[in-house]
Every structure is written in C-alpha cells, then in structure tokens.
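Have a look at the model first, then we'll go through it together.

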Amino acid sequence: MGDPKEMTFDEFTRAVHALLEPTAAGKGYNITGVDGPNQLYEFVHGIVGNGHALGEIIYKVKRYAAKDNPED
C-alpha cells in the first residue's frame, strides 16, 4: 500500500478499497463486496449500535463460520 503519510487521500482510499474488496465476501462480511448493501453491518448496528468491540466479536464469529479458520 505504500506509506500512508505520503499518499493523497484519494490514493489512500483506493488502496484501502483494493485491500478490502477481494476479502469482504470470503470473510462472510458482505456478499456484494465493500460496496452495496451490507446485511451483517445493519444487523450488528441494530444490536449494538456503534459499539465497536461487540461488533468485532460478531464479525469474527461470522468470519469463523464462513472460513473455519481457528485464528478467529
């Protein structure tokens, strides 16, 4: 991705998009990729609001169910 401190904002957001796009569906986060409706996010937000820690737990459970990776 390069040094974010030396990137323009547009370059940084494109790099983040390129990083997330190929993994979003595989992790079970969103079947449409990073753009489009995200039912998992909407569910988490409805349950815990913006509580990042609780949301992260739910995302990890979903990713584990999708990938069966003991790292999760």
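Q: How many positive and negative side chains does the chain have, and how far apart do the centres of the two sets lie?
A: Keep in mind that this is a predicted model. The chain carries 7 positive and 11 negative side chains, with 4 Å between the centres of the two sets.

Q: What makes Arg14 and Asp10 a salt bridge?
A: Check the gap: their closest N and O atoms are 2.2 Å apart. The cut-off is within 4 Å, for a side-chain nitrogen of Lys or Arg and a carboxyl oxygen of Asp or Glu. So the pair of Arg14 and Asp10 gets the name. The structure holds 1 salt bridge.

Q: Where do Arg14 and Asp10 sit relative to each other in helix H1?
A: Helix H1 covers residues 9-24, and the two are 4 residues apart in it, so about one helical turn separates them.

Q: Why is Arg14 called partly exposed?
A: Its relative accessibility is 48%. Buried means under 20% and exposed means over 50%, with partly exposed in between. So 48% puts Arg14 in the middle class.

Q: What pattern does the chain follow along the sequence?
A: Reading along, you get α-α-α. That goes with 3 helices and 0 strands.

Q: How does the radius of gyration of the chain sit against a compact globule of 72 residues?
A: Such a globule would come out near 11 Å, but the chain has 14 Å.

Technical notes: Residues numbered from 1 in each chain as written. Predicted model: local features only at pLDDT ≥ 70, side-chain atom pairs only at ≥ 80, totals over all residues. Heavy atoms only, no water. Rg over C-alpha atoms; globule rule 2.2 N^0.38 Å. Lys, Arg positive; Asp, Glu negative; His and termini not counted. Charge placed at Lys NZ, Arg CZ, Asp CG, Glu CD. Buried < 20%, exposed > 50% of the residue type's maximum accessible area, 1.4 Å probe, protein only.
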